[in-house]
Every structure is written in C-alpha cells, then in structure tokens.
Amino acid sequence: MDTYADLVFFGGQVVTVDAEFSVASALAVSGGVISAVGTRDDVAPLIGPGTRVVDLRGATLLPGINDSHLHGCAYGMASPPLSLDLGHPTVSSLAEVADSVREAVGRVPGGQWITGHGWDPGYLAECAADPSRMPSRHDLDAVSPDHPVVLYSFSGHATWVNSKALELIGIDRHTVAPPGGAIVVDGAGEPTGLLHEGAQALIQNALPPLSRQERIDAVKSALASLARLGITSYTEPGLGPGGDGIMRGALGTQTLDVYRRLLADGELTARLGVLLLPTGMASTAEEFARSLAALGEYGEYGEADPRRLAIHGVKIFADGVVPNKTAWMNEPYVGGGCGSLCVGGESDADRTAEMDAMIRHAHVAGHQLGVHVTGDRGCDAVADSFAAAMAEHPRPDARHYVIHGDFLTAHSMKVLAEHGLGVNMNPTIKWTVADMEEEFVGTERAAYAWPYRDAIDAGVRVASGSDAPVTDPDWRQGIATMMLRESKAAGRVSGPEQRIGLAEAIRTYTIDAAWQDFAEDWKGSLEPGKVADLCVLDGDLLGADPHDIPRMPVVLTVVDGQIVHDTLLDRG
C-alpha cells in the first residue's frame, strides 16, 4: 500500500450529509482529505503502522460544524476572564448583577473601566416581574461610584452604564442621540444609563480600544471554545471601519489583521469567512459608497490560504431588534410603534431609498451581501432591494442573504428563493427570547419568529448561526430548538408548525452553511475528496430524544485532518 490513512473511524454512525443524507459506519482521512467512506471493510486496507484507528463505539461522526454567524473576537472578549459573565443562569436579578460589579470593583485599580456582557431583562427577576422596570445607572452607582461601568446586553443592541461612565463620556439630559440611536431618559428627562442601537457609539468612542494583545487573547480564547464544541468553520459577520466603534473595536479592521497573523503563525484552528463592515448603523448611501470604495476592489482581498481565511463580501445594518422595538414591523408593537430602518433618512421612503442604493453599490462592486434585518417589513424591503439590484445588474450566483430574518414573510421567501438567495437564522436566539418576545409582539407573532419550516419549504437556502456572544455557540441546543421549538425560560412550545426534522437541522449547520461560504463543493459533508473537518458526538444522535441532544458531549474535533480537541479517552 503506497499511502496509508492518517485517521480511520469505524464502529459508529458516519452521518455524511450528502444529497441522500446517507449514513455509513466507517471513514478514513489521508493528508487532510477524506479518502474513504463506507464500511469497516472499505477502510481496513488504508490502515498502516502510523494510522490512528478510532473505534467510535456507537458515537456519531458528523461534518465539522459551521456556525455561519459568530463574532469570534467579541465572543472571546465577552467571556471570563476578559469580561464579567452576566448571562442567564449566571445571574438572575439586577441585585446579582450589582453583586458581580461589586466584586470586580474590589479586584481592579481605582478608576479602571469594568465591563460585562450578556444581561437580558427577560431573565432578571425585577424586570421579569415588572416589564416597565428596566436596568438603571442607579442599580450600579451604589456598588461602583468611582469606577466607570459598561455592561453590554446579550443582544448587542443595548448598553447599560453607571453615572460615572455617563460623566466621563459626557452624556447628560442635553445630549442628542446619533441618528438611529436612543438615549433612554426617565420622567424627569435624565439619562437612565441605557443606550440603544447607534447611541452605543457614544460609549465605544470613549473607551480605550482593544490592544493587539487583547485581540489576540480574545480570538485564541474563542478558538479554543469553538474547538471544544466541534465547530470547525465560522463567519465573522462584519469586520472593518464600521466596527471600530463596536465593543471597543472587536469588529474593527485591526481584528482582521489579528486573524491574518494567526493564520500565518499556524494558530487559526478554524476556517474563517468574513463580511467586511464599511460603515455602522445610520449611515447614508453616500457614506457607504465612499467607505466601500476605500476598502478597495473585491479581488484585492485574496488571502494566503482562502480555504482557511476568506473575505466573501460586506455587511449592512437595515434595522434593529425586536426587544428594543427597533425592528421594522408591518403591525405595531404592543404599546405602539413599528420601528424603522436604521439607515440615514428622514422618512421611511427616504430610508428605503438609501438602503436600496447601498445594496446596489455593493452588488455592482461584486460583493456578497449579508444584511442584518429582523422585522417583517424590513425583510420585505431588503428582499426587494436584492431583487432590484440583481435585475438591474445581473450577476450569477451572488448568494446574498438576510441575516437573522426573524419575521421573514412569505413574500420575502418567494423573492429570495426565486433569486437563489439565502437566510441566516438563529435557533439559539429563538430558544432564548421566545417567551420575552410575546411582551413586544404578542403571542402569535412571537411564535412565528424564525420560520424555519416555511423558509425551507419555500426553497430558501437556510443556514444557522449563534450570533455569539449574543448566545453561546452551542449548535446542539440549536438542533434541539429547531426540532422542538421550546423556550429556554418556560419550556413552552413556540410555533410548533415551524419545526423541522433532524436531517434538515443538521444541514443548516453543515452543507447549507458551506453554501453561504461558496464552499459546498469542498466542505460541509463527509464525502471522498472533501476536507477532513470532523466532529464526533458521543452517542447515537440519529436515535436521540431531541431534549437530550444538548447534553451529548463533543469528544473529538478535527480541522483539515488535524485534531484540535480530543477527549475520547475520557469517555469511560
């Protein structure tokens, strides 16, 4: 035998995710590529003296998981020890948030900024008991009168600060929020310490930007966490000048430079796709076009190893999010208001025209477009903008996609399907906010949110992503949520008619996510000739109760034939 395999697996379920979703029992890897898929007899001739042979013992071998919407640097910096963990269930009340801040005050030098991530009013006892009770600077002032405190919400669309931070930033009752943003005030007109959407830039611009070493540490922390979860590819949805003012520049241009350095040093242990972010929220088409031109022609972004690091296109923010009532909806929210597009413009018509122009600019320049949009009216506007740009400037296989698409309509789905476009949905966000959203849009609309079944049936290519650090990038919970549609807080079923099956759910995290990356011909399924990106889940995934899937351990992760996570010996 001239060439033996480096890795051979047998004795389990090899879920190929090929066109037939066939299941084999053995697989071989040679030189970073899948060399055989079939039975033990098919791989036995490839076993040599240097081959690592893995008896799966009934475990499930999957293609490496592709989280198609994940902010890697932000995820790393939002996690301990780089930031306070304020997510559920770590904290469950405003009082516990204050306790976490008090402890941090005791650890850091006087005057140093204290940061935290993940607070969610839906899981803070005082807010859950009284929806009108929102976090306030007063909750933090008693425990941190001298240290400025900045706490980012789980959604990334709201920030909570104390009075010291407001003082240092220079925000008072006379401060005017930037277009597309809001400085929340109390009955007396004084800032409460909450800033929404574009107003968060007032905080970011006052914070010291992340140092290069902090970025490196954050990305490495994220990569280690992703390897433990079996995630071998992810999309950074927005790195560039528009991200310089978001989370201390975690989405900025310098983060892309860090990824390039890690690639050059052989330390990029996952495949990375990037959308560039020319501008932030509330920009005009003129500003967008100018920034887009400054980024250079698409072809200038060739990377040293495009299968490891590739820039696919650009990202645009169209609207906000439902919990802030900034998603653009057809029907009013509970309590009134329909939100709006968050691009520049004085009226809905003006803003729609600006967004149309931005999408047209990027399309004509040859970029793939990922557009953040959550409201139903916003989704229709974006889908129509895609269609108009493609009709005016035909371009085969553009693969533009809607990011989030919480309330994707039948019209949006029809347009996306007709033009071969996609949607990137977020099952772990659905799991997290299903109960809370009823307070904003009512029971019926909340149940419909993230309509997986309808989108797949309409022929739209659907990929799944966590939007980490908005939610933990646990695809196992995502699979369970797509199948069950049960909520995190109460376990209630939210929109059972939008459930999908296990095979469909797995596809959204593998081959359809690879399609989003223009890479389905070389990754995303376990077929000979494709790259050896693998994930081993302990147990019988195909026969498991969906409720048990989130607790099934990931015991092995392989990227390009190289093992990056291995706990097989810990299985007992």
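Predicted model: local features only at pLDDT ≥ 70, side-chain atom pairs only at ≥ 80, totals over all residues.
Two strands pair if DSSP finds at least two bridges between them. In general, strands of a sheet pair through backbone hydrogen bonds, either parallel or antiparallel. Strand 7 and strand 8 (residues 114–119) run parallel and are joined by two bridges. Within this pair, Asp 85 stands opposite His 117 of strand 8. The sheet itself is open and made of six strands, in the order 7-8-9-10-12-11, with mixed pairing. Its edges are strand 7 (84–85) and strand 11 (181–185); each has a single partner strand, so one side of each lacks a neighbour in the sheet.

Helix 14 was examined next. It covers residues 427–448, and its end C-alpha atoms are only 12 Å apart, whereas a straight helix of 22 residues would span 32 Å at 1.5 Å a residue. The helix has a kink of about 125°, centred on Val 441. Just after helix 14 comes Trp 450, which takes a positive phi of about 60°.

Charged side chains were then considered. Side chains of opposite charge can pair when their charged atoms come close. In the whole structure, 26 salt bridges were found. One of them joins Arg 308 and Asp 560, with 3.7 Å between the closest N and O atoms. This distance counts because the cut-off for a salt bridge is 4 Å. Arg 308 is in the loop between helix 10 (285–294) and strand 15 (309–317), while Asp 560 is in the loop between strand 21 (554–559) and strand 22 (562–566), so the pair ties together parts that lie 252 residues apart in sequence. Arg 308 is buried, at 14% relative accessibility, whereas Asp 560 is partly exposed, at 32%. Both residues also belong to a network of salt bridges that links Arg 271, Arg 308, Asp 533 and Asp 560.

Two further salt bridges can be described in the same terms. Arg 399 and Asp 397 meet through their side chains at 2.9 Å, N to O. Arg 399 is buried, with a relative accessible area of 6%, and Asp 397 is partly exposed, at 46%. In the salt bridge between Asp 548 and Arg 551, the closest N and O atoms are 2.7 Å apart. Here Asp 548 is partly exposed, at 36% relative accessibility, and Arg 551 is exposed, at 60%.

Cysteines were the last subject. A disulfide is a covalent bond between the sulfur atoms of two cysteines. The search of the whole structure found zero disulfides. For Cys 338, the closest cysteine sulfur is that of Cys 379, and the distance of 15 Å is too far for a bond. Cys 379 is likewise in no disulfide; its nearest cysteine sulfur, in Cys 342, is 13 Å away. The cut-off for a disulfide is 2.5 Å between the two sulfur atoms. Cys 338 is partly exposed, with a relative accessible area of 25%, while Cys 379 is buried, with a relative accessible area of 0%.

Definitions and conventions
Residues numbered from 1 in each chain as written. Heavy atoms only, no water. Helix = DSSP H or I, 4+ residues; strand = E, 2+ residues; numbered from the N terminus. Buried < 20%, exposed > 50% of the residue type's maximum accessible area, 1.4 Å probe, protein only. Expected span 1.5 Å × (residues − 1). Bend = angle between axes of the 7 residues up to and from the residue.
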